[in-house]
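Me: Can you walk me through this structure? Keep it short, please.

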Amino acid sequence: MRLAPHLHRLGNDTVACYLVDTAEGITLVDAGLPGHWRDLQRELRSLGKSVDDVRGLVLTHGDSDHLGFAERLRSAHGVPVFVHAADAARARTGEKPPVATGPWRPGPALGFLGYAVRKNGLRTRHLGAVTEVGDGDVLDLPGSPVIVGLPGHSPGSVAVHVPLADALFVGDALTTRHVLTGRRGPQPAPFTDDPAAALASLDRIAHLPASWILPGHGAPWRTSPARVGEAVRAAAPPS
């Protein structure tokens with residue numbers, strides 16, 4: 001789905017990943033679930049392009065519902081996959097600490113599980129190799145994505161800032177639709193390693209110029225990054 005010039009979304013409000021289209025080629029941000037491979041193919045065809053035009057995939061973090069088709073893209077098509085060094089092991093092995101799920105409701109939680117099953121989310125392949133990146137790196141990829149460290153959801157969670165697309169991809173640093181409760185609007189994401197650190201990290205994006213805040217779960221959010229921290233904190237449960 002085209003959101004704006006250069007900017008496309010794959011998936012839906014349950015699980016989403018993104019495509020940045022430029023004259024130099026395509027950069028992907030996150031890879032959703034394995035079944036989003038077909039969504040990627042359809043979107044590429046709509047642009048008159050193919051997987052050969054994809055120059056790189058940048059992960060906002062290493063959790064399985066963001067890895068989706070990443071290993072297929074890497075191993076079968078030679079596309080490099082970039083992830084923060086602190087999440088590299090998570091992306092390769094799936095190992096992560098146990099976290100509290102927090103509030104949930106049967107309907108939305110089962111809807112999330114059902115969607116994951118339909119998109120082959122129980123068969124995600126972890127990555128055989130990654131290219132590690134760090135806070136402040138500007139990647140040599142279409143759109144010149146900038147890595148902004150947002151530790152909290154995971155140690156290597158990042159935002160990906162692409163000025164060309166007027167976009168800030170935030171992964172699970174926040175959500176605009178809680179997958180376990182169905183609640184809509186900006187709020188903390190579930191399954192977060194360190195909720196307090198995740199909220200504090202949002203201050204690191206406040207100065208960035210962008211009109212699109214794009215989470216891994218929930219609707220795209222048109223706002224200034226300067227407003228994000230306050231809005232998400234206002235929705236956070238009492239500590």
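Reply: Let's begin with a term. On a 1 Å grid over the protein atoms alone, a pocket is an open set of points with protein on both sides within 12 Å along at least five of seven lines, whereas a cavity is a set where a 1.4 Å probe fits but cannot get out; lining residues have an atom within 4 Å of a point. Grid points are joined across faces, edges and corners, and a volume is the space filled by probe spheres set on the points. This is a predicted model: local features need pLDDT of at least 70, side-chain atom pairs count only at pLDDT 80 or more, and totals for chains, interfaces and linings use all residues. Residues are numbered from 1 along each chain as its sequence is written, and side-chain values use heavy atoms, with hydrogens and water left out.

Me: What volume does the second largest pocket have?
Reply: About 420 Å³. The pocket has 22 lining residues, and the closest to its centre are Asp63, Ser64, Asp65, Phe112 and Phe191.

Me: Which elements give two or more residues to that lining?
Reply: α2 (64–67) and α5 (106–118). Helices (H or I, at least four residues) and strands (E, at least two) are DSSP runs, numbered from the N terminus.

Me: How do its residues divide into nonpolar, polar and charged?
Reply: The lining of the second largest pocket has 10 nonpolar, 7 polar and 5 charged residues. Ala, Val, Leu, Ile, Met, Phe, Trp, Tyr, Cys and Pro count as nonpolar, Asp, Glu, Lys and Arg as charged, and the others, Gly among them, as polar.

Me: And the largest pocket, what's its volume?
Reply: About 570 Å³. It is lined by 28 residues, and Pro103, Pro188, Ala189, Pro195 and Pro237 are the closest to its centre. The largest share of the lining, 4 residues, comes from α6.

Me: New topic. What order do the strands of the open sheet have?
Reply: β8-β9-β10-β13-β14, 5 strands with mixed pairing. Two strands pair if DSSP finds at least two bridges between them. β8 (146–149) and β14 (221–222) are the edge strands, each pairing on one side only.

Me: In which sense do β13 and β14 pair?
Reply: Antiparallel, over 2 bridges. Ile213 has Trp221 in β14 as its bridge partner.

Me: Last one. Where is Asn120?
Reply: In the loop between α5 and β7 (131–133). Asn120 is not a glycine, yet its phi is positive, about 60°. Its relative accessible area is 36%, so Asn120 is partly exposed (buried is under 20%, exposed over 50%, partly exposed in between, with a 1.4 Å probe and protein chains only).
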